Amino acid sequence: MAIHYKEFLPFQLDFIAGREGNLELPIKVFWDAENELDHTQFQTIHENVPLSVRFVASEGAVPADSELWIETASFNEVGENRSFSIPISCESRQTHLYSHETNAPGQETFPWRMGHYIVKIHTGSTTYFTGIQVIPNNLTLQQVHEIQNRLESEVEGLCHELILSQRSFAEPEQNEIAERWYYDYAMWILDKKQSIQGFLYAIERKPQDEVHTSYRNSNQVKRQDARTERWSQTSNGMAVNQGLSPGPFTLNRLKDITLDTSANRWMKKIITMWKKELMEVSQLLTSDIITMIQEETLLSQTMQQANNLTLRMERVQNVYQRYRRTSRSQFFIAQNKRNALQKRRLIIVEWVNVLKALIGRFSFFLTQPFVLDVGEIGAKPILKQRDYFRLNELFEESRNLKKDEGSSRLYKKFPRPTWRVYEYFVFFQMLDIFQDLNYMIVEGLPSRMESFHVEGIAEGARVVLENEHGQVHVWFNKLLPYTWEDARRQGESFYLFGEHRWPDLRVDYYVRKGPSTFEFSKHSIVADAKLIKFRHLHNMDGLPTKTQAQLIAYSGIFFQESRRPVVDRVLCLYAGLGEPREAVRHVHPVSFIQLFPDPTDLDDVWGYEELREIMMSWLLEDVGVPVQP
């Protein structure tokens, strides 16, 4: 049942959004049970908007231990939600949740992703429930879903991360992904291990038996029935008695206890199958551990190189200060990545240890006499004893976690930040344009993003497209070395002396010189993807913005064998929903292009044709190669 706070509640809850804190978003509806929550009545909050909350007592007595709990999209390494917990206040003060400029430790990024989140208020013995819906900035939900569908058709699983969680924050209609099913399996085993071992122990201590009726001939008369009375007249009975009537032998009915039951046969079958599955999962996890160790080694090498450079700079006085900061930043970025990878690896090592222990427990169970001596069985029998029934139920539940089968998952689809999804969208739009111009992908992304610890498209990923005139190299989030010497030492061909060295996209053209030889044309184009409006990218009074300074800096990219910058054009692709339709705006030397699905016709992409025309113009006028439109 919904409860409206204006009439009933002893507190007031408001979210305050915006840089100036001038947009109040009051929570007007609460529920008294979590299962009654109605997502359509949740308060909406835009992604990446500065946010605070005000939780104050209304008139009257309120328990001092009253507390506000806000679910977030942030999790630690073992799947625990890093939620906000805020005590009630008698003053109208605000508690900071997120800001662009000054973030508290652990709040360096916006703490939510697109989706629904639960909000609870505990006051005395009563708990009130409500929620918030986080929606994208500068794009509608329909546009974001269209972008996600386009990307998933290119690379399955690209728009979502796998996180360790008991619930999903994705939209209800989106199906769960099947990648890394064995992570689900291992976590499920950890959760059910005690129950499995308990049922095994109970079955071993008191295995199911049943009374078995058998018939045996003897020279002593014992229990008789109709069958035993007819036996002496059968061919078998006459053969045993050698034709004598009455003969010296009679058939007796015997009753004995046997463990060769259908239930025990079934336990032998499922434990044997289960053991094989655990061994398979253990091998897959071990393979991931080896891959993680290799990645940790590479990151350690990067840290060592950055540290060596820092030590070298300490011996030199006249070193550009930003260059010093860049070296330290590279060290800490690699260190943070390695530490996160190590934590995940240690967790997976623990999973493998648990799986191996359970494999040993299954092996011991299969050596028990009541298991060894039973026969084979086909179909599952009716299991009447509780321990047998529950162990079989757990076995069937585990099989539903297998790849492409069940839907019960501990790792859930977790939407990536919309700004990152938009970067992916721009990246693939660029690839589509070159394919439209008769270039074919010859090297690039895998068809599935299978690695759990790779965050989507790897930084520095490259896709190579080729036709009879040459090759196009499209780079995603490639960090450039600072100096010519850095580039030479790192084996890179390009460098950029400046603070902004990380463009979202860089396109380099290589002219064909032979059947399989290519030479860099000394022509490149750089593009950044911005999920913001044009008025935040460019000041109409002509004063430069931070974004413009960043974009213009990209025009200074050098090629090692060239004495001049090689960037011909700089593009900014942005999603300015709600602004006047103007596909291309040229603000020298940057071209701003509005690029997103048409809100009135999602099959059409605003700005695609304009971007295609610019890329054709670059190939024709700057690179000097023919174009086949």
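This is a selection-by-selection tour of the structure, from the whole chain down to single residues.

The model is predicted, so a local feature needs a pLDDT of at least 70 and a side-chain atom pair counts only at pLDDT 80 or more, while totals for chains, interfaces and linings use all residues. Residues are numbered from 1 along each chain as its sequence is written, and side-chain values use heavy atoms, with hydrogens and water left out.

**Whole chain**

Start with everything shown in cartoon. The chain has 14 helices and 27 strands; these are DSSP runs (helices H or I, at least four residues; strands E, at least two), numbered from the N terminus. Of its 629 residues, 48% are buried, where buried means under 20% relative accessible area, exposed over 50% and partly exposed in between, with a 1.4 Å probe and protein chains only. The exposed surface comes to about 31700 Å², 49% of it supplied by carbon and sulfur atoms; the areas come from the Shrake-Rupley method with a 1.4 Å probe, and for residues only the protein chains shown count as cover. Among contacts (heavy atoms within 4.5 Å) with a separation of 6 or more, 71% are between residues 24 or more positions apart.

**The four-stranded sheet**

Select β3, β2, β6 and β9, which form an open antiparallel sheet in that order. Strands count as paired if DSSP finds at least two bridges between them. β3 (23-26) and β9 (95-98) are the edge strands, each pairing on one side only. The twist averages 30 degrees from one strand to the next. Next, zoom in on β2 (residues 11-17), which is joined to β3 by four bridges; here A17 sits opposite L23.

**R361**

Move to helix α7 (residues 321-366) and pick R361. Is R361 buried or exposed? R361 is buried, at 18% relative accessible area. Beyond its neighbours within four places in sequence, R361 contacts L200, Y201 and E204.

**The eight-stranded sheet**

Now show the open sheet β16-β17-β18-β20-β21-β23-β25-β24, whose pairing is mixed. β16 (440-443) and β24 (584-587) are at the edges; each has a single partner strand, so one side of each has no neighbour in the sheet. The average twist is 25 degrees from one strand to the next. β17 (residues 461-466) and β18 (residues 470-476) run antiparallel and share six bridges, and R462 has W475 of β18 as its bridge partner.

Axes are lines fitted to C-alpha atoms, for helices over the stretch in contact, and angles run from 0 to 180 degrees between N-to-C directions.

**Nonpolar cores**

A nonpolar core is a set of buried Ala, Val, Leu, Ile, Met, Phe, Trp, Tyr and Cys residues joined through side-chain atoms within 4.5 Å. Which members of the largest core touch the most others? Select Y422, F434 and L619, out of 53 residues. Helix α10 (residues 418-436) gives the most to this core, 11 residues. Another core lies apart from it, with 49 residues, including I196, A263, I348 and W351.

**Cysteines**

Finish with C159 and C572. C159 is buried at 0% relative accessible area, and C572 is buried at 0% as well. The whole structure has zero disulfides, a disulfide being a pair of cysteine sulfur atoms within 2.5 Å.
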